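Reader: Could you walk me through how to read charged pairs and nonpolar cores in a model like this one?
Author: Gladly; let's take a look together.

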Amino acid sequence: MAGLSTTNMLPVDFKRSERLSLAPPIKDYIATAYAEDPDVYIDDFRNLEALRGDILTPDVHPASLNKLLKYYGQLIYLGSKFPMDEQHIKLCFCWYSIFGKEKKSVTSFNSNYEKASILFNIGAMYSQLGASENRSTAEGLKRACMYFQQAAGAFQTIQERLPEWALPTVSDFQVPTLTTLTNFMLAQAQECFWYKAVVDTMKDAVICRLATQAAEYYDLAAQNATSASVFTEAWIVQMQIKANHFRGAAQYRKASECHASGMYGEQVGRLQVARSYVKKAMETSNYKKATTYVQKDLENLKSTIDHALTSAEKDNDIVYMETVVRPDLLSPIGAANMVKPVPIPDLTSIADIVGPQMFAGLVPFSVHQAVSVYSHKRDVLVNSLVDKLNDASATYNSTLASLNLPASIEALEQPIGLPKSLLEHSEEVRQQGGSGSLHDTWKSIAAQAQTDNNILTEAVRALDEEEREDENMRSQFGARWTIVRSAEMTSNLRDSAKVYRTKLDTAKQSDLLISSKLEKHLHHIESLSLTKPELEAAIPASTVSSTLVAKDPNVKELKSLLDQLAKNMKRRTAIIGDLRGMASKDDIGPQLVENANKKESTDDEALFGQQLRKYDQFEAQISQILQEQEHCLHGILTANRAFAESRQTNGMIQEREQALQNLDNAYKAFREINSNMTEGLKFYTDFQSVLSRFAANCKDFAMTRNIEKKDQIQALQRSATGHQQPPTLPPRNGPQQNQGQYPQPGAHQQNQNAYPGTWNPQQQQQQQQQPGQYQMPMPGQVPYSSAPVTSMPPPFYNQQQGQGQGQNPGGFRPYGA
């Protein structure tokens, strides 16, 4: 493919930038907005700094292109986590203009400016890779064509994003400039197609149409470059010369087609037009400013056209004698466009280049809020479904207890000895430690509750003592005591303490209720813990024959209905397990994070509704279970009335019935109390970590304030003795305009190594919880927020004081089940 100058293409230069330390302001933001230890992400900071350093001095090589793409992709990821602008994370991005007379540096705090500059350099890299390709080979020509189209795509992407990115006024990012670059890159890509057709000796009809399209792209680029007023004469001259070059080449190829078709008069006319285009390109005053390679290409075309025109005119004058077609009568040559801007690939398609997302452990604040709202909606739905089943279970248990079932049947069926079901219940209670295990757990709960209360009391005492000292100093020094009042700085901490105290008080009420249940059923639970011989001796026997029961049809009906209800109870236990299991795995966070990373605008409420529809299956199952229970209980009431009227009873039978019923009720109470205590112990244990961080936060605040007071006292003493006042230091508690608000501790911890309870004087710009939103609970915590409650959070205790027997009677969930 010899013959094409390998340097007649014009690439775009790289924009230059200054080195910038990204880590410090981002670290501060992580510590304040996410309440995490930024040092956990030290490797991410190191990799980010190194990556930006690499893209400042790129080489013209695919490896450097990949670094630019990687940094661009990571910038998109970072944008979903860190608001880099003048109001939040202030990073001063500085880039030098490529076009324009001054080529001055322009700075901005807007991270979109950084993205646009990187996109520009990606386009520049594509253009330089295309210009550096060896276009004398088929593969090199193909790659060059693709590179130029990708360069056009990069510049076009910047132009499309201009309305939303709000970039500073920069010559490189003006619409005429970007339009020029897009069309110019497409022109060079179309030229590659044209040259491939020439080398492959394709038909003249095809080549002329390819040349026409190249001329149109070069002409559009030249027009926009002129209106942009930022391009050098060399750029504009190259565009203008090439536009005329390809118009002439197109007419030359069309003339060759006319010769082959016997249209000799039109052939001469088109060759004359071709010569006029070449002449126009050469007569421009700036022609000599074009590169020697462009000039040589045009001179070669002129020589070819001149030779062809001389020969065609001679043949027509002597042989064909056709009238030469005037230029205005020549039909225009159609264009064949073979190129288009190739957009920058999305993050999914270049995941292997971009690599793992930096700071992946951080979840965007908006996602935290959305996840918390969804979690609340999900928990409300799940708890309402569970409550329906628990209420039904309470009704079932209380109804059977009031009818003394199944004890009345068992007492008659087995007048001596113990029923099989009772033996199974007794064995289960003994294996779980019986009443002794309940006493031990209760002691642990009491001790843990006292510890939690002590931690909270100490935390509040630290705030009280610090405030009392501050007021004493204020009364002593008067107006000279200039530090901010403690009360103005601890409002968030005080509000958090009130929230925590309310939770502990509510927990105490739940503890009292459990204690009451334990006291009520303790005697019979202890009886269940006895051995089989001891239990048999404790239950009265009857001498009534069991044959009376076998002959009673009402007993058969009752036993059948009780068996159906027993199966029904097992089904609802399985449903609750499946429901809880699905809820525990139902994490909408990854989808919200993915949408945030893609910058996709989503309707959260619609997404929540779609996610919650998967619980509809449980609604149908629970409805069926409740209908079955209602039918069975109605049958049991009817059959039991007939059974009570027909059976023969005496005092011994009644005593045995009551003893068996008491043990059955005790078994159900044991399971309920054991479950409640387990939840209670977990609640106090998990809550201790929250309170410990809160207490550390309060004590750190008090310590820092004490240091500030000492500094103030020393300054006042120096002033009193006439010593020179040292330069005033910035307030320890952050900028004055942010004082009076204390950062919320632990609002968004997502990493176990974070330190949400550590007070940081720089945490004055902590984002406040928005009204109507819920905060995401920290992993391993009960769903508390240390921030003041602006809307009701998901409850840890259901304060409904349910009555009756069985599993969680009346829907009562003492520890947020």
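**Reading salt bridges and cores**

Author: Let's start with glutamate 133, which is buried at a relative accessible area of 14% (buried is under 20%, exposed over 50%, partly exposed in between, with a 1.4 Å probe and protein chains only). Keep in mind that this is a predicted model, where local features need pLDDT of at least 70, side-chain atom pairs count only at pLDDT 80 or more, and totals for chains, interfaces and linings use all residues. Residues are numbered from 1 along each chain as its sequence is written, and side-chain values use heavy atoms, leaving out hydrogens and water.

Reader: Which residue forms a salt bridge with glutamate 133?

Author: Side chains of opposite charge can pair when their charged atoms come close. The cut-off here is a side-chain nitrogen of Lys or Arg within 4 Å of a carboxyl oxygen of Asp or Glu. Glutamate 133 pairs with arginine 143, with the closest N and O atoms 3.1 Å apart. Arginine 143 is partly exposed, at 38% relative accessibility.

Reader: How many salt bridges are there in the whole structure?

Author: A search finds 33. One of them joins glutamate 467 to arginine 494, at 2.7 Å between the closest N and O atoms. There is also a salt-bridge network whose members include Glu466, Asp470 and Arg705.

Reader: And which residues touch the most other members of the largest nonpolar core?

Author: A nonpolar core is a set of buried Ala, Val, Leu, Ile, Met, Phe, Trp, Tyr and Cys residues joined through side-chain atoms within 4.5 Å. Among its 114 residues, they are Phe82, Ile122 and Phe359. A second, separate core has 36 residues, including Leu422 and Ile514.
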